[in-house]
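Student: Let us go through this model by question and answer. Please show the sequence and the structure.

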Amino acid sequence: MASHPQLVLLGKQLRKLREARGFSQEAFAWEVGLARSYYGGVERGHRNVAALNLIRIARALGVEVGELFPPAAMLAEASLQPNEDGSAEPR
């Protein structure tokens, strides 16, 4: 399954925050009320996570929703990476 580079960056940020708080992926998904397989897909950038789920994740981590996202400059740069077909159009 292809992952959007911006979603991959979001997933990496979520993993970093989760691990910093000592949660396993399974325990954290349970804490948030999400299936572990769904949450794993979010961390891998395979899922475009809904805003309501981001709110639930932020509450479980004890952070503001904005802290779940990597810096905007990183997200902008990731959107300019070549597509799988080699084209360079923004994603």
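Student: What is the relative accessible area of E19, and which class does that give?
Tutor: This is a predicted model, in which local features need pLDDT of at least 70, side-chain atom pairs count only at pLDDT 80 or more, and totals for chains, interfaces and linings use all residues. Residues are numbered from 1 along each chain as its sequence is written, and side-chain values use heavy atoms, without hydrogens and water. Buried means under 20% relative accessible area, exposed over 50%, and partly exposed in between (1.4 Å probe, protein chains only). E19 has 49%, so E19 is partly exposed.

Student: What is the N to O distance between E43 and R18, and why does the pair tie together separate parts of the sequence?
Tutor: E43 lies in helix α3 and R18 in helix α1, so the pair ties together parts 25 residues apart in sequence. Helices (H or I, at least four residues) and strands (E, at least two) are DSSP runs, numbered from the N terminus. The side chains of E43 and R18 meet at 2.6 Å.

Student: Which residue forms a salt bridge with R15?
Tutor: The closest N and O atoms are 3.3 Å apart. R15 is in helix α1 and the partner in helix α3, 28 residues apart. The partner is E43.

Student: How many salt bridges does a search of the whole structure find, and which residues are linked in a network?
Tutor: Side chains of opposite charge can pair when their charged atoms come close. The search finds three salt bridges. The network links R15, R18, E19 and E43.

Student: Which residues make the nonpolar surface patch of about 340 Å²?
Tutor: Patches use residues with over 30% relative accessible area and no salt bridge; like charges are joined within 9 Å, nonpolar side chains (Val, Leu, Ile, Met, Phe, Trp, Tyr) within 5 Å. V65 is partly exposed at 31% and sits in the loop between α4 (51-61) and α5 (72-79). The patch residues are L52, I55, V65 and F69.

Student: Where is the pLDDT below 50?
Tutor: pLDDT is the predictor's confidence in each residue, from 0 to 100. The protein's mean is 88, and 86% of its residues reach 70 or more. Where pLDDT is low, the predicted coordinates should not be read in detail. The stretch below 50 is residues 87-91.

Note on methods. Accessible areas come from the Shrake-Rupley method with a 1.4 Å probe; for residues, only the protein chains shown count as cover. A salt bridge is a side-chain nitrogen of Lys or Arg within 4 Å of a carboxyl oxygen of Asp or Glu. Contact means heavy atoms within 4.5 Å.
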